[in-house]
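Please open the model in your viewer and keep the selection panel at hand.

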Number of protein chains: 2
Amino acid sequence: MTNPPSGAPFSTPDGFATLMAALPGPDLAGRAAAQARDSVLTKPRGALGRLETLAIWVAGWQGTARPRITAPQIIVFAGNHGIAARGVSAFPAAVTAQMVAKFMAGGAAINQLAASTGAKLDIVALDLDRPTTDFTTGPAMTDHDLTRALAAGWQAVDPAADLLVVGEMGIANSTSAAALACALYGGTPEDWIGRGTGVDDHGLQRKAETVRLGLARHQCATPLEALRCLGGRELAAMAGAIARARHLSVPVILDGFICTAAAAVLDAMTPGALDHCLAGHVSQEPGHARLLEKLGKAPLLALDLRLGEGSGGALAISIVKAATACHSDMATFAEAGVADV
Amino acid sequence: MTNPPSGAPFSTPDGFATLMAALPGPDLAGRAAAQARDSVLTKPRGALGRLETLAIWVAGWQGTARPRITAPQIIVFAGNHGIAARGVSAFPAAVTAQMVAKFMAGGAAINQLAASTGAKLDIVALDLDRPTTDFTTGPAMTDHDLTRALAAGWQAVDPAADLLVVGEMGIANSTSAAALACALYGGTPEDWIGRGTGVDDHGLQRKAETVRLGLARHQCATPLEALRCLGGRELAAMAGAIARARHLSVPVILDGFICTAAAAVLDAMTPGALDHCLAGHVSQEPGHARLLEKLGKAPLLALDLRLGEGSGGALAISIVKAATACHSDMATFAEAGVADV
């Protein structure tokens with residue numbers, strides 16, 4: 001899919017910001033009912049640990065005491081970056097399109113992970129032949145570009161999905177994510193960069209220098225301006241999809257550093273905007289753990305991934321599914337005739 | 001299933017020890033072929049982190065460059081303990097049989113977890129009406145009891161399974177596991193006990209005292225003698241099943257503290273005996289992390305579980321499945337026409 005149609009309920013960044021200012025919260029009655037159910041399931045109190053809090057969290061968004069995950073969706077957004085020409089990645093920019101072709105052909109890691117967990121996989125390639133502007137020379141995107149990318153993300157979410165993972169592919173986008181994180185949270189470029197897909201020490205220096213130049217070039221008054229000036233189309237689309245999921249009350253599993261940087265824009269716009277989001281994993285990229293700490297999110301998995309594509313989020317789907325299955329289908333003490341204490 | 005038939009290739013503990021002295025290793029050619037395949041898959045080197053080492057590990061036991069998990073088996077062994085009468089658990093001994101009934105009826109956590117990951121679930125109840133001897137007064141089991149329990153585990157493994165999880169149910173068995181760990185590795189009873197299903201401070205003191213009395217009572221010359229004197233039928237059965245899996249070259253996912261204590265007996269008998277075993281998770285029970293450290297096993301998950309039943313091992317199945325799916329079904333650089341670096 002390329003150049004996705006519009007149809008989103010906003011036509012400017014300000015329109016998107018307005019939607020972000022009025023987010024629905026969880027269903028408190030559903031969450032309370034799930035909490036009550038958890039306390040009468042036939043197990044020692046708290047013995048299922050994090051599975052219990054996960055199930056209750058899903059229950060809050062689904063508005064039911066017995067939540068279920070039967071239709072998870074994974075969306076991988078792809079974009080190209082002007083800064084790729086600065087040698088900030090171990091791979092050439094052409095690899096973005098090659099990887100999209102591989103997603104379409106079914107040969108990538110995310111295809112296997114989606115199949116393994118029974119998730120629907122959608123691929124959204126965003127104007128790959130039109131990289132963003134090198135953000136050391138000007139804003140990465142115009143208002144129009146940003147709006148289109150946010151809308152592509154918004155529109156890509158399947159309203160029938162009951163769990164969403166957003167992932168990305170975009171050569172150079174860990175540098176874009178580092179610049180964005182640095183703009184949102186401060187610190188030095190070195191705090192936020194890492195080896196990404198595997199740059200050497202010189203590549204790492206180029207990443208730091210690129211972030212430094214980008215931050216010096218742009219004084220961004222709002223988080224959305226930081227996304228426009230330093231981000232990329234796939235980052236904006238992930239933000240749009242996460243926002244749409246919130247409006248649909250669909251829980252989201254965040255993937256790695258780049259996905260989390262995109263999500264952080266929403267949190268910076270509206271505190272609590274990521275209450276419907278779970279950190280699926282913590283990656284090898286050092287900025288990821290730092291970002292999750294800023295967001296107050298404890299990762300579900302720690303498997304030393306650094307692939308992107310939604311891979312860590314996809315792995316976490318099975319755990320969330322299992323948590324809801326335990327919560328919703330286990331017997332209660334009353335049903336089972338087992339002694340409680 | 002109760003009183004499982006014999007038919008195992010040993011009829012004494014010594015016979016089992018003889019089998020443990022001649023364990024097959026991994027298929028080195030299969031493992032090397034998987035390692036070679038990993039290096040040409042279309043992803044940055046090492047970007048799938050632990051999924052890569054998991055897939056190569058399974059490949060070694062399956063003896064193929066492209067391993068698959070299509071027939072996982074979970075076996076839950078249940079046993080009763082004489083020491084339950086000493087007030088070392090938050091639950092009465094009758095709960096063991098009640099929980100077995102719940103496993104059979106499909107209402108326990110492990111039923112939902114098995115269904116969620118597509119695993120076959122078998123329940124083996126071991127002489128529940130005949131608890132082991134209180135080990136503060138004599139050996140928990142006779143040679144005959146031990147042999148029967150080892151054989152029950154050995155026989156319960158499905159030769160068609162391609163991945164095995166062993167779990168347990170047995171009121172008071174975290175005290176038995178603590179005594180066993182203390183006998184194998186030394187330290188104080190306090191190093192190895194925890195709150196199990198939720199004992200209070202007095203219960204915790206009774207657990208420590210029970211372990212202390214047990215260790216003073218029995219000077220065990222071999223790991224198998226420690227299992228006989230301090231263990232229980234479900235612990236012995238888990239050891240028997242793990243040993244059988246090794247002889248079948250079936251990889252095993254260990255569950256929590258009690259399962260890992262049973263497995264540790266095999267490691268103490270034969271160094272490397274657990275090379276076919278993965279630590280599925282680390283539980284809330286403090287002795288578990290300590291045991292895993294002694295065994296040199298890094299847990300795959302950390303979800304604060306403390307349920308037993310094979311629950312943590314069952315959750316890890318999805319991750320191992322996903323790892324083998326990525327490894328075996330992803331395109332190579334040559335197939336995909338993607339630039340390598």
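Which residues of helix 1 (residues 13-20) of chain B are buried? Select Pro13(B), Gly15(B), Phe16(B) and Met20(B); buried means under 20% relative accessible area and exposed over 50%, with a 1.4 Å probe and protein chains only. This is a predicted model, in which local features need pLDDT of at least 70 and side-chain atom pairs count only at pLDDT 80 or more, while totals for chains, interfaces and linings use all residues. Residues are numbered from 1 along each chain as its sequence is written, chains are lettered from A in the order in which they are written, and side-chain values use heavy atoms, without hydrogens and water.

Look down the axis of helix 1 of chain B: its buried residues fall within an arc of 160 degrees, taken from the directions from the helix axis to the C-beta atoms, so they line one face of the helix. Next, select Asp14(B) and Thr18(B), exposed residues on the face turned away from that buried side. Then display helix 6 (143-156), helix 10 (223-230), helix 11 (233-247) and helix 12 (257-269) of chain B, against which the buried residues of helix 1 pack. Helices here are DSSP runs of H or I with at least four residues, and strands are runs of E with at least two.

Move to the open sheet of 5 strands in chain B, whose order is 2-1-3-4-5 with parallel pairing; two strands pair if DSSP finds at least two bridges between them. Its edge strands are strand 2 (120-125) and strand 5 (277-279). Select Ile75(B) and its bridge partner in strand 2, Asp122(B).

Finally, show both chains: 46 residues from chain B and 46 residues from chain A make the contact, meaning heavy atoms within 4.5 Å.
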